[in-house]
Amino acid sequence: MSSTDLQIAVASDSRYLTGAIGTLSSIRLSVSRETAIKVFFLHDGLTATEQQRVHTAMAKLKCGPEVEFVKVDDMFASFPSFRHGSTMTYARLVLPDNMTVERLIYVDVDILVLKDLSELLRMDVPETGVGGVVEGFIARDMPMDLPVPPDPQRPYLNAGLLMMDLPKIRSAGTFAKAFEMLHNFPKSCKQHDQSALNYVLNGDAKVLDEEWNVQSGQMYFDPIDAIPKLVERSLNVHFVTKAKPWLTGVPFPAEHMFRMLLDAVDPLWREDPFVKTSMARSVERMAWAMPLLFKARAWSRKLTGKPSFWDFYESKRWSRYNENVLRLDVRSDKFQSLVTGWQAQINANLTGKADILEAKSKDPLIHRASSRFPISWRWLQCFERTGRLLCRGAQQL
Ligand SMILES: [Mn+2]
């Protein structure tokens with residue numbers, strides 16, 4: 001292929017369409033305008049209107065990627081389904097059979113891509129044909145029904161961003177073996193295709209620097225300390241939790257950047273039925289109460305003899321979230337210059353003059369940090385601390 005330089009594959013159903021539009025736009029902005037981008041968009045039956053929505057959004061960008069929709073058969077029906085019954089997570093495994101290109105980069109549709117992906121084309125890949133970033137969020141799968149357990153010392157990849165050398169994958173049979181794993185040992189494949197792929201690779205992959213796929217749901221990922229790297233455009237942020245930027249009001253910088261892109265290329269994205277009915281948004285409004293609610297559930301489960309590690313974890317995660325919202329100063333120079341610079345970059349890449357936006361985004365969520373929320377959260381913390389002191393006092397009596 002002479003005119004096309006960067007070949008990308010994504011997979012999405014209607015539910016993630018908004019995310020796909022944001023992710024693809026960010027890829028376009030991350031590479032020079034001389035780099036032509038071809039996108040293979042795997043789907044399980046997007047309507048003509050939905051496909052047109054993607055084309056329209058991409059046409060708003062100068063040198064917008066050429067998108068080819070590829071419908072994949074319902075061959076994954078027997079595999080464990082993802083949340084909401086989606087099996088599109090398996091679609092990446094059929095890529096070697098359907099594509100004639102050599103190097104392909106698979107990208108999840110929940111990533112803000114800032115780092116130039118064409119750099120990945122110049123890297124070597126081992127004979128298995130796969131490269132990726134080590135998983136940092138989900139604990140490594142525990143083998144449930146495997147005859148030979150995997151070696152825990154070997155790297156375990158996150159499947160959200162994969163560089164693929166298709167001829168190598170075909171000749172090593174990497175993805176064919178992963179399909180076999182899913183068929184034969186479904187119980188071990190808790191993380192779907194990611195588990196299967198990792199069992200097959202057993203660490204024999206090109207391990208990329210973390211910056212290529214920073215998994216933002218990690219407890220140690222600090223969304224505010226990340227600002228300088230966002231300014232440098234030196235990392236890709238993978239929104240790995242349910243709190244996707246387009247489904248929630250998460251006010252952190254990367255999430256905000258994602259929504260700014262959507263505002264520019266797909267102004268009616270908030271009307272998407274899956275965005276409008278997002279459960280995550282209402283849960284997020286209760287953020288101030290979440291740490292206590294989860295802790296209450298954790299203790300009640302502990303008292304009834306069914307302790308749950310996850311409730312404590314969730315309680316801690318929401319506390320961390322609330323602290324970060326309090327720390328975030330949207331009026332700070334750091335934040336403002338990030339937003340202004342990003343808006344300028346977006347504007348420079350828009351085709352129509354009429355669409356050019358001001359740096360002051362119409363995102364109403366970003367101003368929430370100064371709402372009543374911090375007060376409720378502080379009061380709850382006081383309440384909890386007093387309760388704990390009273391309990392301790394009572395024990396000493
Ligand atoms: Mn993902």
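Helices (H or I, at least four residues) and strands (E, at least two) are DSSP runs, numbered from the N terminus. Residues are numbered from 1 along each chain as its sequence is written. This is a predicted model, in which local features need pLDDT of at least 70 and side-chain atom pairs count only at pLDDT 80 or more, while totals for chains, interfaces and linings use all residues.

Within α11, the residues Met290, Pro291 and Phe294 are buried. Here a residue is called buried if 20 or more other C-beta atoms lie within 10 Å of its own, exposed if 12 or fewer do, and partly exposed in between, with the C-beta atoms placed from the backbone. Seen down the axis of α11, its buried residues fall within an arc of 100° (taken from the directions from the helix axis to the C-beta atoms), so they line one face of the helix. The face turned away from that buried side carries the exposed residues Ser300 and Leu303, while what covers the buried residues of α11 includes α12 (309-327). Just after α11, glycine 305 takes a positive phi of about 80°.

We can now turn to the strands. In an open sheet with mixed pairing, 3 strands lie in the order β5-β10-β9; its edge strands are β5 (111-112) and β9 (214-215), each of which pairs on one side only. Two strands are said to pair if DSSP finds at least two bridges between them. Strand β5 runs antiparallel to β10 (residues 237-238), to which 2 bridges join it, and leucine 112 stands opposite valine 237 in β10.

Another strand to find is β7 (residues 157-165), where 9 of the 9 residues are buried, so β7 is largely enclosed by the rest of the structure. Strand β4 (residues 103-107) is joined to β7 by 5 bridges and runs antiparallel to it, with aspartate 165 in β7 as the bridge partner of arginine 103. Strand β6 is also antiparallel to β7 and joined to it by 5 bridges, and valine 130 stands opposite methionine 164 in β7.

Leaving aside residues up to four places away in sequence, methionine 123 touches Gly131, Met163 and Lys206, where contact requires C-beta atoms, placed from the backbone, within 7 Å. The C-alpha atoms of methionine 123 and leucine 208 are separated by 9.6 Å, although these residues are 85 residues apart along the chain.

Finally, consider the whole protein chain, which has 14 helices and 10 strands. Of its 397 residues, 40% count as buried. The mean pLDDT, which is the predictor's confidence in each residue from 0 to 100, is 84 for the protein chain, and 87% of the residues reach 70 or more. Confidence is lowest in helix α3 (residues 95-98), at a mean of 75, and highest in β5, at 98.

Terms used. Contact = placed C-beta atoms within 7 Å.
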